[in-house]
Amino acid sequence: MSSAPQSSPSPPSPPPGARRPARAGTAAHAETRPSRWARLVDSDLFYSFIHSPVTVLSALVTLVLVIAALLAPAIAPHNPFDPATLNLMDGFTRPLQANEFTGNVYWLGTDAQGRDLFSAILYGARVSILVGFAAVAFAALLGITLGLIAGYRGGWVDSLIMRIADVQLSFPAILVALLIFGVFKGVAPPALQDRMAVYVLVVAIGLSDWVQYARTVRSSTLAEKNKEYVQAARVIGVPAPLILLRHILPNVMGPVLVIATIGLALAIILESTLSFLGVGVPPTQPSLGTLIRVGQDFLFSGEWWIVFFPGLTLLLLALAVNLLGDWLRDALNPRLRR
Amino acid sequence: MFAFILRRLLQSVLVMLTVALVSFGLFRYIGDPVNNMVGQEASMAEREALRESLGLNEPVPLQFLRFVGNAAQGEFGMSYRMARPVADVIVERLPATLELALISGVGALALGIALGVYTALRREGWLSHAIMGLSLVGVSLPTFLIGILLIYVFAVELKMLPAFGRGEVVDLGWWTTGLLTTSGLKSLIMPAITLGLYQLTLIMRLVRAEMLEVLRTDYIKFARARGLTDRAVHFGHALKNTLLPVITITGLQIGSIIAFAIITETVFQWPGVGLLFITAVQFVDIPVMAAYLVLIALIFVVINLIVDLLYFVVDPRLRVQRTGRAH
Amino acid sequence: MSVSHIEQMNAGGGVPLLSVRHLRVEFPSRRGMLVAIDDVSFAIARGEVLGVVGESGAGKSLTGAAIIGLLEPPGRIASGEILLDGEPIHALRGEAMRRLRGRRIAMIFQDPLTSLNPLYTVGQHLVETMLTHLELSPAAARKRALALLDEVGIPAPAQRIDHYPHQFSGGMRQRVVIALALCAEPELIIADEPTTALDVSVQAQIIALLRRLCRQHHTAVMLITHDMGVIAETADRVAVMYAGRLAEIGPVAEVVRAPAHPYTRGLMGSIPVLGAGVERLVQIDGAMPRLSAIPSGCAFNPRCGEAFARCRSERPGLMPAGATRAACWLYAGDCEGLSAPARDEEGA
């Protein structure tokens with residue numbers, strides 16, 4: 001393919017010397033660049049998005065789940081946590097079948113204590129998604145900061161950070177998270193534990209995953225650091241943090257986004273695993289993992305839906321986010337361009 | 001070569017010491033060991049005596065040394081919850097985890113490599129697409145869900161396999177094995193699949209990506225330009241180069257299998273060290289947690305060392321660093 | 001070697017070794033069908049060195065890839081023919097094409113470091129290739145490998161044969177690559193920028209080696225490069241490519257001495273000459289057009305100082321221009337609008 005330099009982004013450049021005729025009706029700018037929206041729609045990224053039905057589907061599913069979950073308090077038909085609204089007789093209702101005692105119908109059935117499963121799932125998904133996003137944000141912030149510092153400063157700071165990163169990378173995320181949680185349980189007074197559990201969970205999951213961000217950002221920083229425009233900025237006296245933020249960071253956002261998306265799926269799975277194991281969110285704010293743990297006990301007595309629907313939701317959520325991340329990674333990888 | 005081994009050994013010792021430090025910190029400072037061991041009724045004098053015997057009044061660095069010394073001999077004190085020496089409990093339960101880890105690890109590796117190579121060579125076929133699609137589901141399915149699903153299908157509905165426990169085990173001195181009994185083997189199937197599925201998916205995707213990458217290289221292009229058969233190109237050249245980085249990742253994976261075993265053992269109530277650890281976290285049984293940490297670190301470090309040595313053996317670029325550079 | 005010598009070599013057979021006729025290579029892309037090689041025709045005689053020169057992106061490497069059947073999908077040969085010794089090979093697939101590669105047509109690439117598998121010794125590379133194509137025992141193949149290594153100038157071949165690629169320097173590696181290309185005794189070697197990745201001091205050695213060996217083994221060479229100096233030293237004839245088309249083709253001495261096509265003239269003019277005393281290097285304004293925006297008529301017309309109306313509307317074919325042939329309306333003369341003279345396979 002040609003290596004000719006390009007003067008403007010998308011439309012083919014007119015032959016040199018030609019003038020674009022002013023069209024009747026447009027403003028005086030005869031040579032405006034297309035709007036940002038038009039550029040986005042015309043970009044390769046959008047093209048690959050629209051032409052992959054799987055990706056569009058995943059994006060839709062993710063969007064629906066996230067919005068539904070975030071709006072749970074508003075749209076859930078019942079509040080599963082208000083004991084006053086619960087009727088024990090409603091317990092163990094099958095999905096879409098009228099309860100033999102109360103005659104109530106629930107879309108996804110009820111659990112042992114008469115909680116509407118649909119509402120419980122909405123609230124549970126909400127917890128899972130919020131914790132997931134928060135953990136990813138925390139990990140990204142930590143990782144990006146450390147990566148920028150390591151790459152920019154170099155020297156012993158760089159070595160130290162990278163050593164820690166290497167050691168941590170060899171420990172699986174779940175172990176790190178469990179350890180942090182274990183320490184927390186041993187240290188914190190029992191009264192505060194329930195309230196603080198969510199924050200500790202976010203920190204635990206975030207701490208287990210920051211390394212990828214740090215590494216990617218660090219290598220980009222190292223690459224950019226020696227370029228002339230950075231050196232020029234330093235000579236002028238631009239303070240280091242500003243250089244990092246304005247010049248280096250934008251170059252890294254692509255890979256960081258990919259890591260974050262896949263990281264979100266991992267965070268959701270990790271959170272649900274921890275909750276399943278009983279060391280995640282407190283029982284007062286059950287997430288999908290907690291629901292599954294509770295539901296597992298009823299598997300043998302035939303009430304399969306108590307486990308099935310939360311599990312299905314979890315799977316769909318993780319799958320959709322993973323698919324999005326996969327597509328993003330392939331779309332942003334210049335070497336895979338066909 | 002010697003310098004390399006020496007350096008790696010030193011690094012390993014350093015890592016172990018760091019882990020020991022963390023472990024010691026847990027042990028000494030989380031909760032009060034004396035209170036946990038003695039209970040309410042003990043008098044002050046008894047507590048003081050215990051403190052003295054545990055060495056809790058000595059300066060901290062000395063305590064750390066004592067801790068390391070004890071740890072090296074496998075002495076981690078008593079489990080708070082079970083009132084038994086931690087070392088005993090761990091040794092008792094280690095074979096269960098190791099057997100499970102080994103079976104699922106080897107299976108995941110073999111199948112993962114085979115599938116990875118297949119999907120890389122037959123990129124466009126429908127089977128490849130199907131396998132890749134399923135692999136994505138595999139990565140998105142949390143381990144515990146897989147376990148629950150398997151239990152439901154095979155234990156609850158089909159009643160073919162046991163849902164819990166390890167079945168009958170045969171005692172071989174300090175190792176207990178479930179491989180020699182039918183019930184033991186039957187009990188192993190679902191946990192092994194559960195544990196191995198994630199690893200399988202990971203390895204398969206890794207091998208596929210690596211192989212696709214290798215197939216794009218110039219030396220493969222040149223091999224084709226020289227008219228080598230597809231078989232020679234794919235399995236002689238591409239596969240060999242693909243498997244090289246896979247060795248490292250696989251080594252790490254074996255380590256992480258042991259961690260994932262925690263989940264699997266919880267779902268299936270498999271009596272291994274993973275279940276032991278999670279129970280310890282729930283009950284804040286510090287000695288067990290500390291010991292588990294050191295144990296896992298040891299396994300990781302040993303595996304990393306083996307992987308590094310393996311790399312040395314397999315990759316000629318590392319080997320011949322001494323004998324003459326380019327000329 | 002002069003042109004007459006080549007004509008002598010061809011006199012017996014009459015059929016050129018390689019004949020490319022109206023080759024057209026296309027790439028479907030989301031911006032439509034891109035034509036990377038557009039109606040290119042040339043021939044290579046036995047034992048001849050044809051230089052193919054042009055800027056990056058002009059289609060030189062693609063032409064080589066198309067000939068040896070290694071076009072990367074979705075690129076494909078849309079039309080045209082490639083004949084090896086009179087037999088069409090452009091439509092060969094799979095096993096049939098594989099047997100040709102290495103045995104009758106070989107190809108070497110730019111970067112010798114990445115051309116060799118780091119996990120295989122040099123000897124393993126050579127023996128494997130020979131065992132694939134020739135009826136030899138492994139012992140005989142190894143002996144041949146040793147002889148070849150000696151021939152390409154690797155010192156102490158008996159030891160080096162068991163060394164790995166990373167133990168060789170760049171120039172030595174490229175010698176090994178040349179040995180690999182020659183080991184099955186092909187009739188044509190396509191050398192795609194064989195010296196670009198090497199130090200300048202080594203480049204001359206490698207080019208000299210290539211030329212000597214190919215003369216000795218009577219192997220034809222299609223030497224693809226952007227370096228006109230290398231062509232001037234080594235080639236018998238040269239083909240100048242621009243935007244996927246042939247701009248000029250002719251004997252090297254003539255093209256260098258009196259280039260006919262304005263583009264070739266620009267290329268010649270931009271080569272710095274010691275002691276020439278010019279103030280500024282000649283530079284052709286503008287840049288080669290992208291595949292999606294090739295001008296109508298002659299592809300070079302927007303940058304050509306001598307373009308006129310016909311250049312912008314009609315695409316010129318190769319026509320005689322002095323001692324060479326050029327695709328330029330300046331030389332239309334009596335040959336009005338010939339787009340594909342039927343005699344261009346013979347070379348001029």
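Predicted model: local features only at pLDDT ≥ 70, side-chain atom pairs only at ≥ 80, totals over all residues.

Biologist: How many residues of chain B are in contact with chain A, and how much area do the two chains bury between them?

Modeller: Contact means heavy atoms within 4.5 Å, and by that rule 43 residues of chain B touch 39 residues of chain A. Buried area is the accessible area (1.4 Å probe) that two parts lose on being put together, summed over both; for chain B and chain A this comes to about 3500 Å², with 79% of it on carbon and sulfur atoms. S140(B), F144(B) and I148(B) supply 16% of the area that chain B buries against chain A, more than any other three residues.

Biologist: How many salt bridges are there between chain B and chain A?

Modeller: A salt bridge is a side-chain nitrogen of Lys or Arg within 4 Å of a carboxyl oxygen of Asp or Glu. Side chains of opposite charge can pair when their charged atoms come close. Between chain B and chain A the count is one, and it is formed by R205(B) and D326(A), whose closest N and O atoms are 2.8 Å apart. R205(B) lies in helix α8 of chain B and D326(A) in helix α13 (residues 305-332) of chain A, so the pair joins two chains; helices (H or I, at least four residues) and strands (E, at least two) are DSSP runs, numbered from the N terminus.

Biologist: Are these two partners buried or exposed?

Modeller: Buried means under 20% relative accessible area, exposed over 50%, and partly exposed in between (1.4 Å probe, protein chains only). R205(B) is buried at 19%, and D326(A) is buried at 15%.

Biologist: Which parts of chain C does the salt bridge between R237(C) and E48(C) tie together?

Modeller: The closest N and O atoms of R237(C) and E48(C) are 2.6 Å apart. R237(C) lies in strand β9 (residues 237-242) and E48(C) in the loop between β2 (32-44) and β3 (49-53) of chain C, so the pair ties together parts that are 189 residues apart in sequence. Both R237(C) and E48(C) are buried.

Modeller: E187(C) and R104(C) also meet in a salt bridge, at 2.8 Å from N to O. E187(C) lies in the loop between α8 (170-182) and β7 (188-192) and R104(C) in the loop between α3 (94-100) and β6 (105-108) of chain C, so this pair ties together parts that are 83 residues apart in sequence. E187(C) is partly exposed, at 22%, as is R104(C), at 24%.

Biologist: What is the secondary structure of chain C?

Modeller: Chain C has 13 helices and twelve strands, and 54% of its 348 residues count as buried.

Biologist: And which residues of helix α7 of chain A are buried?

Modeller: The expected span of a helix is 1.5 Å times one less than its number of residues. Helix α7 (residues 173-187) of chain A, with 15 residues, reaches 21 Å from its first C-alpha to its last, close to the expected 21 Å. Its buried residues include I174(A), L175(A), F181(A) and F184(A).

Definitions and conventions:
Residues numbered from 1 in each chain as written. Chains lettered and ligands numbered in written order. Heavy atoms only, no water.
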